[in-house]
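Please read them with the structure open.

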Amino acid sequence: MIVSPTDIPSQEKRLLVEQKRLSRIPMTTLFEENPDRMEKMHIQASGLDLDYAKNRIDPPAMAALLQTARASGLEARRDALFRGEPINTTEQRQVLHPLLRGALPEQHAHRAQVDETLARIQQFVGDVRGGQLTGVTGKPFRTVINIGIGGSHLGPAMACRALTPFAKRNLDVRFVSNVDASDLSEKLRDAAPETTLFIVASKTFTTQETLANARTARNWMIERTGRLDAVERHFAAISTATDRIAEFGIQPAFTFPMWDWVGGRYSVWSAIGLPLALSIGYDQFVEFHRGAAEMDQHFQQSPLEGNMPVVMALLSFWYQQFWGANTHALLPYDHYLGDFPSYVQQLDMESNGKSVSLQGERLSHPTSPIIWGAEGTNGQHSFHQLLHQGNLLVPADFILPLHSHNPISNHQDLLVANCLGQSRALMVGKSLEQALTELTEAGMDADAAAALAPHKAMPGNRPSNTLTMDALTPATLGALIALYEHKVFAVSVLRNINAFDQWGVELGKQICNSLLPHLTDDADCQAFDGSTNRLLNRYRTVKAERASQHTVASHQKNN
Ligand code: F6P
């Protein structure tokens, strides 16, 4: 059965009418006709300011979207999330990441274990940073290498980079995620074993990439220090499977629990955030939580029309469902936020990249845009051309901390002017007449100007949100992450899908495991489709050739 996007066809009809009406009204006209547009179309919460006036939306269309949100049961689903109901229905799990930042009541059943884990993190972080915990030779740790992938990597890596100005600079926190040995090799290249601490982060402790990297790191540590007990002193781990951590050889005091009620991509607030806490210190880690908790409160308590995550979700739904925008750009104008687009990519696409409803019915429409982006101003000299003149509608979020942690010369003025210049250029565009006038006024003859003007015209009317904050701090970063978490959840409710499972990644893992034995087999592989067989056999041939060249070379060297 094909389910309609909102499940409520009358809502959809009303929204279609609104879209048709607004498609004929330039955004600049919306500003001209409503001088107080700006006053109405911004929301402030938890240190963030969302300006959503540069969107193809006006009060009647927003009213229709809000009605759709109410009809989808958004308020009830939001309350169910905060009540700790098992809203991850395909896995029968609660979704309690807000609990990790204090958004659930004191008397909550899981509260004690969260508090106990936080206390242990505090102690561990203090001891590593203070030099009370040392490696086997008694030297303090100087390098921390986090081994994890997906949610056990992207959150802490993004946040560590974002909060570099708050970092303990003599503790170098690095991240290894890819099973490609080049990742680990490069991170180990200049690491000193006696001052290196590994963190193995894996919710399941079964993830192929993480375990392969962890085993190689363990061998490296034992070989380089010449001591078997180095594993106990130089490895910490986080997982729901504490028994598997013990089997790996990591001591209980360096083992931190996680719980099945925290999704991987929502886990930076848990002990998965340990590398961040080590980098910025426990007090700032608490600040990070505080900012997120304030956003939780805002999401939970604000009426839908003034609710930042809800408004962002409605706009995302609006553009994908009614304007055909299947991609969404994240454009942080802050070097430290350079990894934020990749982080939100997993958060959004792994959560909402689905094709069946909560009831298991096949959906006829896309449920999540492709999330992508890069830091400004770099993107301006790369893909912004397509944003301005391409025939694709790409809604964008500009993210701009106003104060720079490096206030040198006029760099920040330049950065801010570029950011605001881009969102305005996307909105106002340049008409053919304007382009023509500019060219003729610059002295070009009429024929040449007429030929060039179409290339210089820009359609404009390209929507964007601008999120500003006074400065990027642990608290505002926490709020920013929580904002996108709740936006993603709100979209999932509008789409009637489960944002908290990710069955789609399983098939690839299964097939990978079935391919693996054939890579070391002597016989030609015929087990799969022709393309896969050919590629697999090509790999085997190259591998065998390289191995024989290596044998010949070492034979010649020895003689
Ligand atoms: O393969 C996807 C995934 O399951 C993500 O959801 C998760 O964040 C990642 O793998 C890593 O899983 P784990 O933390 O169990 O190693």
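**Notes on cavities, pockets and the ligand**

1. The second largest cavity has a volume of about 50 Å³. Please keep in mind here, and in every point below, that this is a predicted model. The residues that line the second largest cavity are Leu100, Val114, Thr117, Leu118, Ile121, Trp259, Trp269, Ser270 and Ala271. Helix α7, which runs over residues 111-130, gives the most to this lining, with 4 residues. Sorted by class, the lining of the second largest cavity holds 7 nonpolar and 2 polar residues, and no charged ones.

2. How many cavities of 30 Å³ or more are there? The count is 2. The largest cavity has a volume of about 60 Å³. Its lining is made of 13 residues, and those closest to the centre are Leu315, His328, Pro395, Asp397 and Asn465.

3. Which element supplies the largest share of the lining of the largest cavity? Helix α15 does, with 4 residues. At least two residues of this lining come from each of α15 (308-322), β10 (396-401) and β11 (464-469). By class, the lining of the largest cavity has 6 nonpolar, 5 polar and 2 charged residues. The lining of the second largest cavity, for its part, has no charged residues.

4. The largest pocket holds about 1000 Å³ of space. It is lined by 36 residues, and Thr204, Thr207, Gln502, Glu506 and Lys509 are the closest to its centre. Two or more residues of the lining come from each of the elements α10 (208-225), α16 (340-352) and α22 (506-520). With 5 residues, α22 supplies the largest share of the lining of this pocket. The classes in the lining of the largest pocket are 9 nonpolar, 18 polar and 9 charged residues.

5. Where does the ligand sit? The space taken by the ligand is the largest pocket. There are 14 residues around the ligand, and Gly151, Ser152, Ser202, Thr204 and Thr207 come nearest. Thr204 and Thr207 are also among the residues closest to the centre of the largest pocket. The shell around the ligand has 2 nonpolar, 9 polar and 3 charged residues.

6. Some pairs of atoms between protein and ligand can be picked out by distance. A polar side-chain atom of Ser202 is 2.6 Å from an oxygen atom of the ligand. With Lys203 the atom concerned belongs to the backbone: an N or O atom there lies 2.8 Å from an oxygen atom of the ligand. For Gln346, a polar side-chain atom lies 3.5 Å from an oxygen atom of the ligand. Taken alone, the ligand exposes 390 Å², and the protein buries 87% of that area.

7. Which two residues are joined by a cis peptide bond? They are Gly376 and Thr377, and omega there is about 10°. Thr377 is part of the loop between β9 (370-373) and α17 (384-389).

8. The other backbone detail concerns Ser46. Its phi is near 45°, which is a positive value in a residue other than glycine. Ser46 lies in the loop that runs between strands β1 (42-45) and β2 (48-51).

Methods:
Residues are numbered from 1 along each chain as its sequence is written. This is a predicted model: local features need pLDDT of at least 70, side-chain atom pairs count only at pLDDT 80 or more; totals for chains, interfaces and linings use all residues. Side-chain values use heavy atoms; hydrogens and water are left out. A residue is near a molecule or strand if one of its heavy atoms lies within 4 Å of it. A polar contact is a pair of N or O atoms within 3.5 Å; within protein, one must be able to donate a hydrogen and the other to accept it, and residues adjacent in sequence count only if both atoms are side-chain atoms. Accessible areas come from the Shrake-Rupley method with a 1.4 Å probe; for residues, only the protein chains shown count as cover. On a 1 Å grid over the protein atoms alone, a cavity is a set of points where a 1.4 Å probe fits but cannot get out, and a pocket is an open set with protein on both sides within 12 Å along at least five of seven lines; lining residues have an atom within 4 Å of a point. A molecule sits in a cavity or pocket if more than half of its atoms lie within 2 Å of its grid points. Ala, Val, Leu, Ile, Met, Phe, Trp, Tyr, Cys and Pro count as nonpolar, Asp, Glu, Lys and Arg as charged, and the others, Gly among them, as polar. Grid points are joined across faces, edges and corners, and a volume is the space filled by probe spheres set on the points.
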